[in-house]
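Hi,

Here is the structure I promised to pass on. Have a look, and then read my notes below.

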Amino acid sequence: MSILKKSKKSHLLKNMFLDESVDIQRFDLVKYPQIEKITEKQLGFFWRPEEVDISKDKKDFDGLTEHEKHIFTSNLKRQILLDSVQGRAPNLAFLPIASLPEVENWIETWSFFETIHSRSYTHIIRNVYPDPSAVFDTMLDVKEILECGNDIATYYDDLIKDNNSATNKMDHKRSLWMCMMSANALEGIRFYVSFACSWAFAELKKMEGNAKIIKFIARDENTHLAATTTMIKKMLAEDKDFVKISKEKEDEVVKLFTKVIEQEKEWAKYLFKDGSMIGLNETILSNYIEWIGCKRMRALGLPCPYTVSKMNPLPWTEKWIGGGNVQVAPQETEISSYVVGGVKQDMDENKLAGLSL
Ligand SMILES: [Fe+2]
Ligand SMILES: [Fe+2]
């Protein structure tokens with residue numbers, strides 16, 4: 001297959017995936033402006049971990065108890081694994097079958113931002129550990145981390161296999177559907193126990209540099225969640241096969257989400273095995289993850305098997321997750337709510353009437 005083959009169909013008439021491949025990367029007219037908007041928003045969030053001052057974290061880390069150090073380091077190890085997969089898998093699995101320029105561009109942007117996350121973990125670990133390699137070398141020894149990694153990889157592996165050898169188009173669409181659902185659950189649920197712990201440390205005025213980096217990561221993951229949710233909805237709207245598949249696979253998808261939620265709860269148990277931390281314990285984190293999991297499932301029209309409260313069981317986490325929409329001037333340090341290029345371009349002269357310069 002050639003890397004550039006002129007499409008017979010207009011790029012405005014193709015399906016998102018598994019249609020003729022993209023020829024020209026053009027964004028003048030796009031089939032899905034929502035996807036294009038998400039890419040622009042994500043690009044506006046560009047950040048580098050080195051911009052965040054984490055020098056005080058080293059002193060804080062040395063003062064943590066052994067079980068607090070266990071919580072901190074284990075969470076980083078697990079996030080390293082999640083982002084190692086996401087920094088590569090969307091490009092390997094979704095990109096080869098993307099058929100629209102804005103979707104192809106989104107997937108590359110998505111994976112690129114995951115690589116920033118991966119780089120930020122090395123930055124954090126280098127700062128607090130004299131031998132950072134020891135952390136990386138031992139992370140796959142943790143059973144809970146390995147299990148989580150294998151579960152995510154399965155859906156990507158299935159899709160990659162079908163991309164290369166599927167003979168039945170419906171089966172190929174089925175593996176795409178399950179993989180997109182798995183990516184949605186990863187982006188929307190799998191990080192949140194770790195996020196809550198990082199922010200709980202910062203609520204106690206400890207490891208604040210780390211918490212700030214995690215806030216940037218959470219802002220990106222929220223964008224990725226919005227993108228996978230949008231793609232799922234568009235896939236349903238443009239192709240009746242996916243409506244059929246969504247009904248046929250509903251139980252399997254509910255099981256997938258439930259397993260993700262249960263794995264997060266297991267993770268909370270592992271983190272707190274030697275002691276919890278102020279403001280958090282296994283029960284409250286489990287309630288939080290069920291609450292967030294149900295929110296994600298309902299957003300996709302899925303039934304949620306858990307009984308959850310209306311209110312967020314950890315309301316203080318919201319100030320760490322929000323902030324992406326607020327525009328303030330950047331000062332000397334990185335401000336987490338600053339969006340580069342996030343300005344409106346649709347001003348016309350009438351809107352400026354009455355203003356004298
Ligand atoms: Fe990430
Ligand atoms: Fe992500």
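Which helix do Glu114 and His117 both lie in? They sit in helix α5 (residues 101-128), three residues apart, about one turn of the helix; helices here are DSSP runs of H or I with at least four residues, numbered from the N terminus.

Before the rest, some ground rules: this is a predicted model, where local features need pLDDT of at least 70 and side-chain atom pairs count only at pLDDT 80 or more, while totals for chains, interfaces and linings use all residues. Residues are numbered from 1 along each chain as written, chains are lettered from A and ligands numbered from 1 in the order written, and side-chain values use heavy atoms, without hydrogens and water.

Now the metal. Asp83 (OD), Glu114 (OE), His117 (ND1) and Glu221 (OE) coordinate the iron ion (ligand 1) at 2.0 to 2.1 Å; donors are N, O and S atoms within 2.8 Å of the metal (3.2 Å for Na, K and Ca), and water is not among the atoms, so sites may look incomplete. Glu114 also coordinates the iron ion (ligand 2), and the two ions are 3.7 Å apart. Glu114 is buried, at 0% relative accessible area (buried means under 20%, with a 1.4 Å probe and protein chains only). His117 is buried too, also at 0%.

One more thing: Lys14, in the segment before α1 (33-44). Lys14 is buried but has no salt bridge, and the nearest side chain of opposite charge, Asp23, is 4.9 Å away. A salt bridge needs a side-chain nitrogen of Lys or Arg within 4 Å of a carboxyl oxygen of Asp or Glu.

Cheers

How values were computed: Helices (H or I, at least four residues) and strands (E, at least two) are DSSP runs, numbered from the N terminus. Buried means under 20% relative accessible area, exposed over 50%, partly exposed in between (1.4 Å probe, protein chains only). Lys and Arg count as positive and Asp and Glu as negative; His and the chain ends are not counted.
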